[in-house]
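Have the viewer open as you read.

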Amino acid sequence: MEPPKFINIEWIEQIAGEDIWEEFLNIELGNWSGLDLRKLSEQSGCKDQYDTHYSWTSGYVHGTWGPVREASFTTCGNPLHRMHRYPDQKSLPDTVSDAVDLANRILDDLNAAYPEFLHRIPVQ
Ligand SMILES: [Zn+2]
């Protein structure tokens, strides 16, 4: 089969045997139980926290459209512009109280494993 003209066979042969840069090597970061986060939350009795926090934060971490739109765009108010959006930097809602709640739940678990660990982060 004749390859397409845009493919440079010499160049492909040159890079085919190259070492992969260390920065591009895959690293297995999976957990040792082989369970995904949803299953871990179910088995640990934390499914309600998973449902409350995971989808929203995952959307931001992975840059899905909803969070990108919320964080980076504003809808134009000009009726002739058909509701287009333009880039605009906005402040996002504060997440500190949610983080404090989750951290204090972890400290509750720590207290269950090591009783009388009573330190908690004050709720603001
Ligand atoms: Zn406009």
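## Salt bridges within helices

K47 and D51 sit four residues apart in helix α3 (residues 47-61), so about one helical turn separates them. Helices here are DSSP runs of H or I with at least four residues, strands are runs of E with at least two, and both are numbered from the N terminus. The two side chains meet in a salt bridge at 2.8 Å, N to O. By salt bridge we mean a side-chain nitrogen of Lys or Arg within 4 Å of a carboxyl oxygen of Asp or Glu. K47 is partly exposed at 23% relative accessibility, and D51 is partly exposed too, at 44%. For those labels, buried is under 20% relative accessible area, exposed is over 50%, and partly exposed falls in between (1.4 Å probe, protein chains only).

R105 has a relative accessible area of 36% and D101 one of 33%.

How many salt bridges does a search of the whole structure find? It finds three, and one of them joins D108 and R120 at 2.8 Å, N to O. D108 belongs to helix α5 and R120 to the segment after α5, so this pair ties together parts twelve residues apart in sequence. Both ends are partly exposed: D108 at 39%, R120 at 30%.

C76 is buried, with 13% relative accessible area, while H84 is partly exposed at 33%.

## Where the values come from

This is a predicted model: local features need pLDDT of at least 70, side-chain atom pairs count only at pLDDT 80 or more, and totals for chains, interfaces and linings use all residues. Residues are numbered from 1 along each chain as its sequence is written, and side-chain values use heavy atoms, with hydrogens and water left out.
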